[in-house]
Number of protein chains: 2
Amino acid sequence: MLSRAVRIVEAFGPGDTALSITEIARRSGLHIATASRLVEELCGFGWLQRDEDRKVRIGVRMWEVASRASPTLSLREAAMPVMEDLHAIVGQHTQLGVMEGDEVLFVERLTAPGAVINFTRIAGRQPLHASSSGLLLLAYAPPALQERMIASPLEAYTEKTIVSSSQLRSALAEVRRQGYAFLAGHIHSAATGIAVPVRDPAGKVIAALAVIVPNDGAARSRIPVLQGASAAVSRAMAYPAPPPSRPTEPSILNH
Amino acid sequence: MLSRAVRIVEAFGPGDTALSITEIARRSGLHIATASRLVEELCGFGWLQRDEDRKVRIGVRMWEVASRASPTLSLREAAMPVMEDLHAIVGQHTQLGVMEGDEVLFVERLTAPGAVINFTRIAGRQPLHASSSGLLLLAYAPPALQERMIASPLEAYTEKTIVSSSQLRSALAEVRRQGYAFLAGHIHSAATGIAVPVRDPAGKVIAALAVIVPNDGAARSRIPVLQGASAAVSRAMAYPAPPPSRPTEPSILNH
């Protein structure tokens, strides 16, 4: 019962804002009657909702609960002010990614109008071997995961994408030696991704902070400001800013 | 069974990043054994997760599904570039709220380091009568909801908070006449909230765009730039930017 409800919600993929019951039933492998009954029940809890033309959407209530108790909230809150500064300076896409399964999951993104092409979305994923954030996270991941990726088939997105085991092994070593990942044209020929590590107070790499800039001669000049920004995020994680002074009026933080 | 699982996830309130099984059982009104079993099952789906000290958190998987299929995604994507510009110009907190139940739910927020005090969080809520975003949304809400709020007891946060029915009724009329809500010191004496409507292509008010600025003589001068920004968001909702030109390489949008 619970697993069926999970399958219904997980029928929503990236970019699917609304699905028909038929499509939900097909994707979740459930009978239409079962899917329909569970959708109604989930709508009753506000976890799903119906729009005007009877299509089903994720409910605002589910978004609210998942967002406010998000496991990455403290990371995102430490990173956002720094990302805003970085975004203002570099004027290009700025994003924050974490390892999730065998991919990088993007938990924050600031986009720049007119900036270079970038396929990242908030809560979107990219492969570890092809994106700068992914390669950075893989370089600091447990050796067993690195070896598994090195032994896997690697999909090519451009002629620059790393597709061989030996290339990936030496790219990971280079990331660790340099302290950053610099991938020019690996996902799209016009874009360069640059990613640096964000560390928790114990020094463990927990996230990748990245900018996506045009694939041109100026890209490398972005590395120092990005390194400064990631150091600021790591420091903010270790020494969180004190909460704002409380008002004499009752706080409404918990409303 | 499904309702029990929903109660377990909804045990997480604003600011609760980790809860013990005992606390989850208490808040959800379930026996510890039942709560424990359901938590294990939800952990198996990645919807909850255990941290090092056995406390329970919302799982990254649930955040991912809820975020990427978020019902407010198109609104947030239209608003974010404009909010970033506004934030850079005004240099204070900038936030986007929607009506949810009898409160305003904030779906995006950009904070400014050193800016005036503000209790809003992403996925946080504020009461309709006391916040500028809430008053703005209530002013354009169905009359039945307005009358219900006017007839309700109204909590005071400062001596400026609207607490009487007649004050609320005239404040709502003033918002509709002016086209914005301007509340100086209603939640905290040091802060002024200014909110303007974001409209869907049919002209319906679907969100409030707001800035929180110091409660001083310069606050009113912020109104025009905020109105310009909300007009830009409304226009972006009506005429979304064309998708970026697709690469010749395979798209990784759906990874």
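Predicted model: local features only at pLDDT ≥ 70, side-chain atom pairs only at ≥ 80, totals over all residues.
Visitor: Which ground rules apply to the numbering and the values?

Guide: Residues are numbered from 1 along each chain as its sequence is written, and chains are lettered from A and ligands numbered from 1 in the order in which they are written. Local features need pLDDT of at least 70, side-chain atom pairs count only at pLDDT 80 or more, totals for chains, interfaces and linings use all residues, and side-chain values use heavy atoms, with hydrogens and water left out.

Visitor: How many residues of helix α6 of chain B are buried?

Guide: Helices (H or I, at least four residues) and strands (E, at least two) are DSSP runs, numbered from the N terminus. Buried means under 20% relative accessible area, exposed over 50%, partly exposed in between (1.4 Å probe, protein chains only). Helix α6(B) spans residues 132-139 and is mostly covered, the buried count being eight of eight.

Visitor: At what angle do α6(B) and α8(B) pack?

Guide: Axes are lines fitted to C-alpha atoms, for helices over the stretch in contact, and angles run from 0 to 180 degrees between N-to-C directions. The axes of α6(B) and α8(B), residues 165-178, lie 9 Å apart, and the angle is about 80 degrees. Because 65 to 115 degrees counts as roughly perpendicular, that is the term for α6(B) relative to α8(B): roughly perpendicular, at about 80 degrees.

Visitor: Which residue class has eight members in the contact of α6(B) with α8(B)?

Guide: Contact means heavy atoms within 4.5 Å, and on that basis Leu135(B), Leu136(B), Leu138(B) and Ala139(B) of α6(B) meet Leu168(B), Ala171(B), Leu172(B), Val175(B) and Arg176(B) of α8(B). Ala, Val, Leu, Ile, Met, Phe, Trp, Tyr, Cys and Pro count as nonpolar, Asp, Glu, Lys and Arg as charged, and the others, Gly among them, as polar. The contact has no polar residues and one charged residue, and the class with eight is nonpolar.

Visitor: What arc do the buried residues of α2(B) cover?

Guide: In α2(B), residues 21-28, the buried residues are Ile21(B), Ile24(B), Ala25(B) and Ser28(B). An α-helix has 3.6 residues a turn, so residues three or four places apart point the same way.

Visitor: What is phi of Arg54(A)?

Guide: Most residues other than glycine have a negative phi. Arg54(A) sits in the loop between β1 (48-50) and β2 (56-58) of chain A, and Arg54(A) is exposed, with a relative accessible area of 53%. Although Arg54(A) is not a glycine, its phi is positive, about 70 degrees.

Key: Parallel < 35°, antiparallel > 145°, perpendicular 65-115°, else oblique.
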